[in-house]
Amino acid sequence: PSKKKIEDSLRIKAFTRCYDAASRLNHLTEWMKKSQEEQKFLGSHMFALTLRCSVNRSLWSPLLTNDAIRDFHSDPFPSESVKADAPLRSLLIRVGQLLGAFPGHSVLVAIGQIVEKVRQLDIHTNSLGKVMSGLEVILRKAQDWEQHASQHVQLGRPLKEISSLVATWRKLELQSWSHLLTIRENRRSVRPRRHWARLYALIHGISESEEVRASLNEAALKHGHSPSWIWKGYPEISKRLGADGDVKCIEDLAKVLDTFILTSNIAEFRTRLDLIENFANELRNDCEVNGPTRVTLTRLLLSFCNYYSRFEPLISKTITTLREPIEKRLKDEVKLAKWDEQSYYALAESSEKNHRKLMKFLRDYDEALDTSVLSVLEQNFADGVRSMNQGTAADHEPVTTIPSNVSIFPQLSVGGKIIGDN
């Protein structure tokens, strides 16, 4: 019998993982033509639904995602959340027994309702932090009963198991603190994607006729003809020479994109540049397929990306420099923090104290990530040109000595000496 039970559990595990993989693949290939014979999969859907709604929640074990960086308060953690099911069921049974002796007691009824709500949470979509918050509400409400109940009518062991589980999860939360700065940074880097629609409208809003005029002007310059601005005010001469290049819309787009990058904070810099680079690659592929009708706009976006990508190491270095002192303080706090398991009130007090310190570190890092790209680039450009005594000198006070060759051409120096100097 035991051998058969193990085999059944393995079959169920294999089924759930295959079903989960198939559902993800189906979601990623929505654009493909679907099979019309959905009735063949009806049995699989019903079995999967039965497993998910089963009393034994551990039966459903889908594919695990990358657990390297997990946000305790946002990401689901089914393998941990399912541990709360057994003590919650035991507590619910105990509450039912006490209600038999104290029918309609408001505290017991409230505890039972909260337990039911927590058990109804979907552990595959709700974070471990949310499940833990539900358990803490149960503990807080249970104190109203435990303080006044005699020993033989106390909630007893199920409540202690829940309290022990909360303390264990608090320690797990503490371990996740080391990843909080990275999680905060990743969330910031996702925000620029909301600008995709506006960038699409700006870039694709330029008509092909305007790009053709810009291309003609560029061709005229290549063959030695005069640029269009020389013949401004003389439309007949400009038209006869082929220099009628009204490229104002292209110039305006360049200014908008430049502002888009410079007004970005350092956390969003790479993602914003990636958005523009994606449109540049799109237009380049379009030129290869449909001919060079949009070559001017393509060159603009590619050169724009090439220019600003040179500053990516500088931005990354700035983020690292601002992060290091905050990360050090956070790690020191993790070493000192602890969860007092003696009682519910001691656990709640230590939890609140640690969370206050944590929020202070996160606010400091948010302020650091809010540093604008423009300020970082200005500081880099001014290095070796403005006065080094920026604390007391005016912002635009010039240096009084000629900068050295090494400070002017750092890329050409080897060991502090300019290549080619005698």
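What share of the 422 residues of the protein counts as buried? Of these residues, 36% fall in the buried class, where buried means under 20% relative accessible area, exposed over 50%, and partly exposed in between (1.4 Å probe, protein chains only).

## Basis of the model

This is a predicted model, in which local features need pLDDT of at least 70 and side-chain atom pairs count only at pLDDT 80 or more, while totals for chains, interfaces and linings use all residues. Residues are numbered from 1 along each chain as its sequence is written, and side-chain values use heavy atoms, with hydrogens and water left out.

## Overall fold

The protein has 18 helices and two strands, taken as DSSP runs (helices H or I, at least four residues; strands E, at least two) and numbered from the N terminus.

## Salt bridges

With a salt bridge defined as a side-chain nitrogen of Lys or Arg within 4 Å of a carboxyl oxygen of Asp or Glu, the count comes to 19. One of them joins the side chains of Arg188 and Asp370 at 2.9 Å, N to O, and this pair links distant parts of the chain, since Arg188 lies in helix α8 (residues 180-190) and Asp370 in the loop between α16 (344-369) and α17 (373-382), 182 residues apart. Arg188 is buried at 6% relative accessibility, whereas Asp370 is partly exposed at 46%.

Within helix α15, Glu327 and Arg323 are four residues apart, about one turn of the helix, and their side chains meet in a salt bridge of 3.4 Å, N to O; Arg323 is buried, with a relative accessible area of 14%. Elsewhere, salt bridges that share partners join Arg184, Arg188, Asp366 and Asp370 into one network.
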